[in-house]
Amino acid sequence: MSVDENTPILRSCIKLPLATDELLEVTAKAKDYAIMHGAAMRSKTSFSPDSLNFAPFVLVPSAFPRKEFEKAIALQPIINRLMHNVAHDEEFITTTLAETIKVDEFTANLFKIYRKVLAHGFTQRISLGMLRSDLMLESGCPELSPLLHHLADTTKSATTAPVPVPVAVPVPACAPVPAAGGGGDDDDVDEQAALGKVEEAATAFKVGVVRTISKSSAYCCWKQVEINTIASGFGHLGPASKTIQSFVLRELGHAEKLKHMPKNDALAGLCDGMVKAWDIYGKPESVILFIIEDISYNICDQRFHEFYIRETYPHIKVLRRTLTEVHREGKLGQRKELLLGTTEVAVIYFRAGYEPGHYPTQGEWDARYLMETSLAIKCPSIQYHLAGTKKVQQALAQPAVLERFINDPEEIKAVGKIFTGLYSLDDNEVGNANYEMALRTPERFVLKPQREGGGNNVYGMDIPDALKRMTRVERSAWILMDLIHPPLTQGYMVRPGSDMPPQIMDMVSELGIFGVVIGDADNIVHNYQAGHMLRTKLSTANEGGVAAGLGALDSPYLIDSEDEDASN
Ligand code: ADP
Ligand code: MG
């Protein structure tokens, strides 16, 4: 992703750079610490089931504004309820996905299972949702006068050209542009006024007026990147990142800074969710089943869940099976209970099944159907899986849609604000106008298909070619989204096999907040926020999947304002 040079920078939690000797020593220690505390993965390049590499990590925690963090934490139970209600709205899911399933075979296959389950009636009415709402801070708001902000930032001018060239006027991302039928919360910001401010800022810059910009204006809000309802990872790696970085800060003599790293009980929160579902199922001999890929590179983030359950609740067994194995071994008993051999499954936790490659043959699809039609409590059940599609996220961002799922007007307003512009590309008047908009200003957007797991999106200037290769109908498998422009942080990213000592890099972070929700169409019996994870990538990378090799483990260092002295 290209980052313009006006992007503001959040200060580092400690003064950088570190002296080379100190950096070499602490990095070597931190790598060993990471491996020995399970912040690790199997190598993709030299895979062995017998060994682990440390997972890429950022040496010290990245700054994140406390107020925005707390807002995200507080909002999670509302998002949980929203997604639970969406998952149970047959009409909404069916109409929202109607065009998509005509052209997206994978979503169509999921939808077919959904319809079949609906037709026979849900054997298990309870669902277990273990969600992760991913978000980025937005710095591209006109209110922040980003062009000027850059000039006030002395850190940045040391690493980039001292005289920036004005760039394209950024889009007011905190005020989603209501394009043809597009999303956005129109009571919030006056778009024309906002655009006016950008132009004013640009003009002021051109004539060389340098005003002092408050350092607290590196962001104005945060925006949701996506909501995950299946295989929401980092329940272990999130807290593990905090463990490594706490160790590093202590080693560097900054123990007093640890109080700014929020507690993170994601692993316990998620595993306790599975156990609560197991309790509801109510069969002492039954087990929790993890559905896994053929090869689990991100093994620590699964095994630690298993080990936590086994250690905390030794009476509950955990099994791991691929979809292929479930196809071979699985059957339904008399009460439609899922049996693997003679073992009854109470809860199914899908860590696979979210991409076409996980279903190489009809057998894997049959296994998915078998599980969906069984008495086991699924995480996610098929309706939750569909509720997590990008198309549903886009539909939820349309004006007035939230009213269907949330009663409280304050909550509607709060959730409405987290959506950036999300646009349909369905083959109708609105979708075709959005298509034209994407061709005109592709640099404003990211184009997303109905896929999970990273590496599927198309960014900026690549969008026109990608869109032109599609037929009008094929476009409805995709959605268009405003690019979010997070502020930069600067720090050391440590990767297996990379040069030592690491160099200071410009990076951007994505915060994920976990939520657990358990209930059926009529009632929610558990609903809580369950910790967080922070992933950080190089500012030049489009995507930051850690397992995919682009991102790094990180954790938030909460700041009350950017004026906090880095040397404290
Ligand atoms: P996936 O389901 O593959 O994880 P995402 O929607 O999360 O799909 O996109 C993958 C990555 O692309 C994100 O983690 C983020 O780094 C980047 N990304 C996605 N949407 C945006 C956006 N609107 N603005 C900026 N970056 C984005
Ligand atoms: Mg994602």
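I took helices (H or I, at least four residues) and strands (E, at least two) as DSSP runs, numbered from the N terminus. The model I looked at is predicted.

**Entry 1. The chain as a whole**

I began with the secondary structure. On that definition, the chain has 18 helices and 21 strands. I then looked up burial and found that 60% of the 568 residues count as buried. For contacts, I took pairs of residues at least 6 apart in sequence; 78% of these contacts join residues at least 24 apart. The accessible surface of the chain is about 22,300 Å². Carbon and sulfur atoms account for 52% of that surface.

**Entry 2. Ligand 1**

Next I went to the ligand. I asked which residues come nearest to ligand 1. Of the 22 residues around the ligand, they are K390, K448, G454, Y459 and E510. I noted that the space ligand 1 takes is the largest pocket.

I also checked which strands build the shell. At least two residues of the shell come from each of β6 (221-228), β14 (445-449) and β16 (478-482).

Then I listed polar distances to oxygen atoms of the ligand. For Y459, a polar side-chain atom is 2.6 Å from an oxygen atom of ligand 1. In the side chain of E226, an N or O atom is 2.9 Å from an oxygen atom of the ligand. For N457, the distance from a polar side-chain atom to an oxygen atom of ligand 1 is 3.0 Å. As for cover, ligand 1 on its own has 540 Å² of accessible area, and the protein covers 96% of it.

**Entry 3. R320**

I picked R320, an arginine in strand β8 (residues 318-322). Is R320 buried or exposed? Its relative accessible area is 13%, and the cut-off for buried is under 20%, so R320 counts as buried.

I looked up what surrounds R320, leaving out residues up to four places away in sequence. R320 touches L289, F290, I292, S296, I299, Q302, R303, E306 and E325. Two of these partners also turned up in my search for polar contacts. The side chains of R320 and Q302 are joined by a polar contact of 2.9 Å. With the side chain of S296, the R320 side chain makes a polar contact at 3.3 Å.

I also took one C-alpha distance here. R320 and E293 are 27 residues apart along the chain, and their C-alpha atoms are separated by 9.7 Å.

I79 has a relative accessibility of 3%, which is under 20%, so I79 counts as buried. Setting aside neighbours within four places in sequence, I79 is in contact with S133, Q224, I227 and I418. I then asked how far I79 is from V517, C-alpha to C-alpha. The distance in space is 9.8 Å, while the two residues are 438 apart in sequence.

E68 has a relative accessible area of 5%, again under 20%, so E68 is buried too. With neighbours within four places set aside, E68 is in contact with L137, Y219, C220, C221 and W222.

**Entry 4. Backbone geometry**

Last, I went through peptide bonds and phi values. The peptide bond from L16 to P17 is cis, with omega near 0 degrees. P17 sits in the segment before α1 (20-36). The bond from C379 to P380 is cis, with omega near 0 degrees. I placed P380 in the loop between β12 (377-379) and α14 (382-387).

A231 has phi near 50 degrees and is found in the loop between β6 and α9 (237-251). K336 has phi of about 70 degrees. Its place is in the loop between β9 (330-332) and β10 (338-340). I also checked the accessibility of K336: at 33%, the value falls between the 20% and 50% cut-offs, so K336 counts as partly exposed.

Technical notes
Residues are numbered from 1 along each chain as its sequence is written. Chains are lettered from A and ligands numbered from 1 in the order in which they are written. This is a predicted model: local features need pLDDT of at least 70, side-chain atom pairs count only at pLDDT 80 or more; totals for chains, interfaces and linings use all residues. Side-chain values use heavy atoms; hydrogens and water are left out. Buried means under 20% relative accessible area, exposed over 50%, partly exposed in between (1.4 Å probe, protein chains only). Contact means heavy atoms within 4.5 Å. A polar contact is a pair of N or O atoms within 3.5 Å; within protein, one must be able to donate a hydrogen and the other to accept it, and residues adjacent in sequence count only if both atoms are side-chain atoms. Accessible areas come from the Shrake-Rupley method with a 1.4 Å probe; for residues, only the protein chains shown count as cover. A residue is near a molecule or strand if one of its heavy atoms lies within 4 Å of it. On a 1 Å grid over the protein atoms alone, a cavity is a set of points where a 1.4 Å probe fits but cannot get out, and a pocket is an open set with protein on both sides within 12 Å along at least five of seven lines; lining residues have an atom within 4 Å of a point. A molecule sits in a cavity or pocket if more than half of its atoms lie within 2 Å of its grid points.
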